[in-house]
Structures are given as structure tokens and as C-alpha cells.
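This briefing goes through one protein structure by topic. Please look at the sequence and the model before reading the points below.

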Amino acid sequence: MTLASRMMNLGTETAFEVLARARTLEAQGQEIIHLEIGEPDFDTPKHVVAAGIKALQDGQTHYGPTPGLPQLREAIARNSGEIRGIDTNPSHVVVTPGAKPIMFYVILALSEPGVEVIYPNPGFPIYESMIRFTGGTPVPMQLFEEKGYHPDLKDLENKITDRTRLLIINSPENPCGSALTKAELQTIADLVKQHKNLYVLADEIYKDILYTGEHFSIATFPDMASRTIILDGFSKSYAMTGWRLGYGIMPEELVPPITKLAVNSVSCAATFSQIAAVAALDGPQDDVAKMATEFSQRRRLITDGLRAIPGLSCPEPEGAFYAFPNIKGTGLTSAEFEDRALNEAGVALLSGSAFGEYGEGYVRLSYANSQENIQKALDQLNKFVKGL
Ligand SMILES: Cc1ncc(COP(=O)(O)O)c(C=O)c1O
């Protein structure tokens with residue numbers, strides 16, 4: 001078979017590959033602690049599940065409008081107005097099966113050969129994968145360990161050219177766990193406004209898991225809502241990864257092309273998931289707060305535990321549920337560490353190099369697992385590293 005040449009440029013998300021390798025070892029009787037996959041280990045809140053079941057029983061099993069059910073688009077606009085303080089309305093909202101399609105569609109809609117797209121590195125691997133897929137030029141915005149995995153904004157300024165059409169930011173960040181400050185976002189907004197044709201894709205999917213201060217969206221600054229596509233969803237905030245539901249809030253002129261990409265690919269998100277999502281947004285938020293508190297305790301446990309392992313250093317995560325320790329002191333490459341941690345320590349984690357060139361020398365551990373399992377993983381990793 002001859003595949004289209006563009007397929008050569010498509011990357012992947014290795015979390016799913018490591019998960020498959022871990023499952024194979026488990027099938028052979030080995031015990032593995034899963035710190036590779038980025039999904040909350042909590043159940044979806046009960047009232048949300050009940051709303052989904054009721055929707056199914058009420059016969060909400062048909063296609064819906066491509067950009068989303070009107071009641072969900074309204075709830076998203078209202079919620080975003082309340083929590084982000086932006087003045088938006090349902091006509092700016094597009095609902096998709098998971099938040100990933102928003103990333104896919106926005107990059108497809110804006111990037112092409114001759115266009116540059118700036119993205120965080122280490123960063124979520126799908127950004128670079130999609131930029132390459134479209135023939136655009138990926139321009140990494142490096143996040144520095146010594147800055148707590150924040151970017152150098154002078155460096156960013158130098159990277160923006162007349163060819164830059166999109167700047168991707170992700171705060172709180174996967175895999176580094178850093179969160180941009182309001183002052184940093186202000187500087188980025190000022191830079192963006194100096195360039196007429198430059199837009200921001202603000203991936204805010206981890207906004208509810210933040211350990212210091214309050215989430216702030218770049219779209220809130222004057223004149224930035226018309227330059228920003230906010231990406232958010234239900235996977236992380238409401239432990240709804242399997243319901244596949246996310247959304248974008250974008251300048252109105254982008255809604256028709258993004259909707260066209262959705263109609264060409266998925267038609268619409270599942271109707272019952274959307275009805276459950278209205279209950280998630282409009283109902284009690286106690287579960288969201290409870291999950292964030294639990295993640296905060298695990299963060300303490302994992303950061304302290306990793307720092308106690310010889311040869312490892314680990315900046316304090318500010319948000320999300322990932323620790324990104326430097327493992328250079330072990331003498332192993334990231335890929336070797338990933339492989340040997342799985343086979344010799346029984347801990348599934350991800351090589352930092354899976355998150356871009358600047359991830360080499362690091363690994364990512366997702367602490368979406370119980371404190372008991374995290375402690376066990378830390379003990380096993382400590383023993384493994386000491387035995388190297
Ligand atoms: C930074 C980032 N953005 C977006 C997504 C996609 O989320 P969803 O499961 O809603 O497609 C993820 C999922 O891991 C993520 O880490």
C-alpha cells in the first residue's frame with residue numbers, strides 16, 4: 001500500500017503505546033504501577049452520570065447540530081463568562097468529541113506550508129505532530145527547568161515573525177506542570193497584538209487543577225478575545241475522558257471553518273454526553289474541588305519522593321497532575337529510563353523525549369493514581385536508580 005506522503009509527518013502520543021506494553025507485562029503476571037496515562041483516576045460525578053443515563057433513557061440517541069447542542073453552547077458561554085470573565089456568547093462556541101479535535105481543526109485551519117506555528121516544548125506531542133502534518137513549520141518555545149518550566153519571553157519575542165500565524169500556549173502545562181503567570185500572559189498578549197495576523201490557541205484543559213492562585217485566561221485582556229481560541233473540555237475537570245467531550249471558544253469568523261472540519265469528520269459530539277455536560281457545568285462543583293485537593297496532596301508526595309532519589313531533580317508542579325523530573329544524573333537517556341523503569345521497577349512512565357526535543361533528559365509521571373500506589377512506585381524507582 002502506498003500511503004499519502006503527509007502520513008510520514010504525523011507523530012503520536014506514546015502514552016497509549018506504553019500503556020499497551022504495560023498491559024502485555026501484566027498479562028504475563030507482572031505487577032505494574034500506572035503513572036503513564038494522563039487521565040483522572042476518579043469516577044465522573046454521580047449527578048453527571050445520572051444526567052447521561054436519563055438522556056439515553058429519554059431517547060437522546062440521535063445526531064445533534066454539528067457545533068453542539070444549543071443548551072450546551074449556552075452553558076459553556078455562561079460558564080466561561082463567570083469563571084474567565086470574558087464576554088462571549090454561544091455563537092463563539094464549538095463542541096467536539098473530546099478537546100483534541102479543537103487542536104486538530106484549529107491547526108488544520110490555520111497552518112500550511114510557509115506558515116510558522118510556535119508551540120511549547122516540552123509540550124503535548126499532538127501540537128508538533130499536527131503542525132508537521134499540515135506542512136507548517138513548528139517553532140519550539142522552550143520551557144526551562146531552571147525557570148520552573150516557564151518560557152523565556154525575550155526568546156519568544158525573537159521567534160515571532162511575519163510568517164507566524166499561530167502561537168500555542170498550554171497553562172497549566174502537560175507534561176511540565178507549570179502555569180503561566182498573569183504578568184507572563186500580559187507580555188504574551190502585548191506581543192501578539194503587535195502582529196496583525198497572529199492568533200493564540202490557549203489550551204486551558206487543566207485550568208481546574210491549579211495549586212497556586214487562580215486561573216487566568218489570555219482571552220481576558222483587552223482585544224484578546226478576538227485573537228484567542230480557548231481550548232477546554234470535560235475530560236480533566238470532571239473526570240470524563242471516556243465521554244469524549246470538549247470545546248473551543250473562538251473568534252466568530254473561525255466558527256464556520258471549524259464547523260466545516262467537524263462536519264467532514266465527526267458530524268457531532270454524542271448527544272447524551274452533551275446533556276450530561278450541561279449538568280456538569282450547571283450542577284454542584286464540589287467534586288472538581290475535591291479532585292484538585294487530592295491532586296495537591298499527591299503532588300507533595302511525588303515531588304518530595306522524586307527529589308529524594310539520587311540523581312533526580314524535580315521543580316514543583318504548579319498545576320495539572322504531572323511531575324517532570326530531570327533524570328540526567330542517572331546516566332540513562334529518557335527512553336532507556338522509560339523502558340527500564342517499566343521492566344525492572346514495574347513503573348509505567350513516559351520518556352520526556354516523547355514531548356519534544358527539549359524533553360530529553362526528563363521523564364513524565366502522571367500522579368493520577370492513589371497515594372498508596374504513588375508511594376510504592378517511588379520506593380521501587382528509588383531502589384531501581386540506586387541499583388544502576
Ligand atoms: C494539554 C492537553 N490538551 C488537550 C488534551 C485532550 O483532551 P481530550 O481527552 O478532551 O481530548 C489533553 C489530554 O491529555 C492534554 O493533555
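Tyr 149 lies in the loop between strand E4 (137-144) and E5; strands (E, at least two residues) and helices (H or I, at least four residues) are DSSP runs, numbered from the N terminus. The model is predicted, so local features need pLDDT of at least 70 and side-chain atom pairs count only at pLDDT 80 or more, while totals for chains, interfaces and linings use all residues. Residues are numbered from 1 along each chain as its sequence is written, and side-chain values use heavy atoms, with hydrogens and water left out.

**Backbone**

- Tyr 149 has a positive phi, near 65°, and is not a glycine.
- Most residues other than glycine have a negative phi, and most peptide bonds are trans.
- The loop between strand E6 (164-170) and helix H7 (182-193) holds Pro 172, which is joined to Ser 171 by a cis peptide bond with omega about -10°.
- Pro 175 is also found in the loop between E6 and H7, and the peptide bond to Pro 175 from Asn 174 is cis, with omega near 15°.

**Ligand site**

- The ligand is surrounded by 14 residues, and the closest are Asn 174, Asp 203, Tyr 206, Ser 235 and Lys 236; a residue counts here if one of its heavy atoms lies within 4 Å of the ligand.
- By class, these residues are 6 nonpolar, 4 polar and 4 charged. Ala, Val, Leu, Ile, Met, Phe, Trp, Tyr, Cys and Pro count as nonpolar, Asp, Glu, Lys and Arg as charged, and the others, Gly among them, as polar.
- Polar contacts are pairs of N or O atoms within 3.5 Å. A side-chain N or O atom of Asn 174 is 2.8 Å from a ligand oxygen, a polar side-chain atom of Ser 235 is 2.7 Å from a ligand oxygen, and a polar backbone atom of Lys 100 is 3.0 Å from a ligand oxygen.
- On its own the ligand has 390 Å² of accessible area, and the protein covers 94% of this; such areas come from the Shrake-Rupley method with a 1.4 Å probe.
- The ligand sits in the largest pocket, with more than half of its atoms within 2 Å of the pocket's grid points. A pocket is an open set of points on a 1 Å grid over the protein atoms alone, where a 1.4 Å probe fits, with protein on both sides within 12 Å along at least five of seven lines.

**Sheets**

- An open sheet of 8 strands has the order E2-E9-E8-E7-E6-E3-E4-E5, with mixed pairing; two strands pair if DSSP finds at least two bridges between them.
- Strand E2 (93-96) and strand E5 (150-151) each have a single partner strand, so one side of each is left without a neighbour in the sheet.
- Strands E8 (residues 228-233) and E9 (residues 246-249) run antiparallel and are joined by 4 bridges; Ile 230 has Ile 249 in E9 as its bridge partner.
- Another open sheet has 3 strands in the order E10-E13-E12, with antiparallel pairing.
- E10 pairs with strand E13 (residues 363-366) over 2 bridges, and Ala 323 stands opposite Leu 365 in E13.

Note on methods:
Polar contact = N/O pair within 3.5 Å; in protein donor to acceptor, adjacent residues only side chain to side chain. 1 Å grid on protein atoms, 1.4 Å probe; cavity = no way out; pocket = protein on both sides within 12 Å on 5 of 7 lines; lining within 4 Å.
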